[in-house]
Amino acid sequence: MTEYQLRIQRYDPEQDDTPRLQRYTVSGDHTTSVLDALLSLQQQQDPTLALRWSCRMAICGSCGVMVNGIPKLGCKTFLRDYNGVIDIAPLAHFAVEKDLIVDMTPFLAHLSAIQPYLINDKDDKAPHKQTPAQLAKYQQFSNCINCGLCYAACPQFGLNPEFLGPAAITLAQRYNLDSRDNGKASRMSQLNGNNGAWGCTFVGSCSEVCPKQLDPAAAVNQAKVESAKDFIINLFKI
Amino acid sequence: MSTPDNARKPYHSRMTRDWWLQQRYYRLYMLREATVLPLLFFLGCLLYGLYSLQHSEMQWLSFAQFMQQGWVIALNALALLASLYHAKTFFALFPRVMPLAPPLLMVAGQWLASLAVIITLLWLAGVS
Ligand code: FES
């Protein structure tokens, strides 16, 4: 067992006006994740600590926190990889509700703005066929777990909360590339603006932090190519 | 007694002006963006040269003299290094935006193409 020092950003809306830092010592071994440490803290030292989690296996996307300033899934990040005091804070660029819990509403609003479902005017009830090659076109972008780490990493979203952001634009690409979908035209109006794909300057940090290696930065910049094509095509339409 | 709704008091943090200094990844991004600064100087030189060329021989000679000064050479060398760095980052990002071939192949292809352009330009300029 090793002793680890954690410095956690606390915020109690009923008492605090600004967040404060609180230090804790937890013991763990080489298998202890940041989430394990936070939960053991909550159970054994400080029941007031508020945090979100569910699956503990990097699939539900609810345990995102900043670890030493970098967005991470708590359950997929291990204490053994850190030296010295480990700083834990709520996800950046979101409003903090309490301690490590942020308000994800803007993120969810951006996701739903791009109509993340198959749009198809065909009225038949028959199943849609898709070849493996057609599946491969969008499959990588369909693995998002909506953890929001990419928004906490994206300075453009931090500067402009109206920016649709990495996950939403990736999701738009995911549906636009799906052979069963015909909704591209209605999604392009979202993607074309400055708050769409063009708000991105390819910082690329979203792809660095993505726990599912979706490469959202690539998706966003592919969306720029689509947006440019869309613009040119519309020039010739009367 | 407070109801759950008005008990909410979300804390909004603000990004500081020096956000880009706080992470290595952001610093590298800003370095990439900053490569445009020495390039502006190079563009200034280029415009000055074109102006001198069409103005008069005297003007051209004074331009040539200007270009030979140590600090001008140093700044232009910096512009060259900066563009090479920018090219490196750009070439690495391009295959992700337009995945036309395996990434390594595309990166190599872009460097080869740049080399071909440089050699052709040198050849056109009469450097053997
Ligand atoms: S607890 Fe589900 S992703 Fe970490």
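How many Å separate the centres of domain 1 and domain 2 of chain A, taken over C-alpha atoms?

1. Domains of chain A. The model is predicted. The two centres, taken over C-alpha atoms, are separated by 30 Å. The contact between the domains takes 15 residues from domain 1 of chain A and 16 residues from domain 2 of chain A. Domain 1 covers 2–102, and domain 2 covers 105–235.

2. Chain A as a whole. Chain A has 238 residues, and 49% of them count as buried. Its secondary structure consists of 9 helices and 7 strands. Along the principal axes, the C-alpha atoms of chain A fill a box of roughly 65 × 35 × 30 Å. If contacts in chain A are taken between residues at least 6 apart in sequence, 63% of them join residues at least 24 apart.

3. The largest pocket. Its volume is about 960 Å³. The lining has 35 residues, and those closest to the centre of the pocket are A92(A), H93(A), S13(B), R14(B) and M15(B). Domain 1 and domain 2 of chain A each give at least three residues to this lining. At least two lining residues come from each of β1 (2–10), β5 (86–89) and α5 (155–159) of chain A. The element that gives the most is α5(A), with 4 residues. Sorted by class, the lining of the largest pocket has 21 nonpolar, 10 polar and 4 charged residues.

4. A92(A) sits in the loop between β5 and β6 (96–98) of chain A. Is A92(A) buried or partly exposed? A92(A) counts as partly exposed because its relative accessible area is 22%, and buried would mean under 20%. Leaving out residues up to four places away in sequence, A92(A) touches M66(A), Y151(A) and A152(A). A92(A) and Q130(A) are 38 residues apart in sequence, and their C-alpha atoms are 39 Å apart in space.

5. The largest cavity. The structure holds 2 cavities of 30 Å³ or more. The largest cavity has a volume of about 120 Å³. Of the 15 residues that line the largest cavity, C144(A), C147(A), C150(A), A167(A) and C210(A) lie nearest its centre. Helices α4 (149–153) and α6 (166–176) of chain A each supply at least two of the lining residues. By class, the lining of the largest cavity divides into 11 nonpolar, 3 polar and 1 charged.

6. The second largest cavity. The volume here is about 100 Å³. Its lining consists of 14 residues, and C154(A), P166(A), C200(A), G204(A) and C206(A) lie nearest the centre. Two or more residues of this lining come from each of α5, α8 (205–209) and α9 (216–235) of chain A. The lining of the second largest cavity has 10 nonpolar and 4 polar residues, with no charged residues.

7. N221(A). Helix α9 of chain A, which gives two or more residues to the lining of the second largest cavity, also holds N221(A). N221(A) counts as buried because its relative accessibility is 5%, and the cut-off is under 20%.

8. Q59(B). This residue belongs to helix α3 (residues 57–67) of chain B. Q59(B) counts as buried because its relative accessible area is 18%, and buried means under 20%. Which residues does Q59(B) touch, not counting residues up to four places away in sequence? They are Y48(B), Y51(B) and S52(B). With S52(B), the side chain of Q59(B) also makes a side-chain polar contact of 3.5 Å.

Note on methods:
Residues numbered from 1 in each chain as written. Chains lettered and ligands numbered in written order. Predicted model: local features only at pLDDT ≥ 70, side-chain atom pairs only at ≥ 80, totals over all residues. Heavy atoms only, no water. Buried < 20%, exposed > 50% of the residue type's maximum accessible area, 1.4 Å probe, protein only. Polar contact = N/O pair within 3.5 Å; in protein donor to acceptor, adjacent residues only side chain to side chain. Contact = heavy atoms within 4.5 Å. 1 Å grid on protein atoms, 1.4 Å probe; cavity = no way out; pocket = protein on both sides within 12 Å on 5 of 7 lines; lining within 4 Å. Points joined across faces, edges and corners; volume = space filled by probe spheres on them. Nonpolar A, V, L, I, M, F, W, Y, C, P; charged D, E, K, R; others polar. Domains from an automatic or database assignment.
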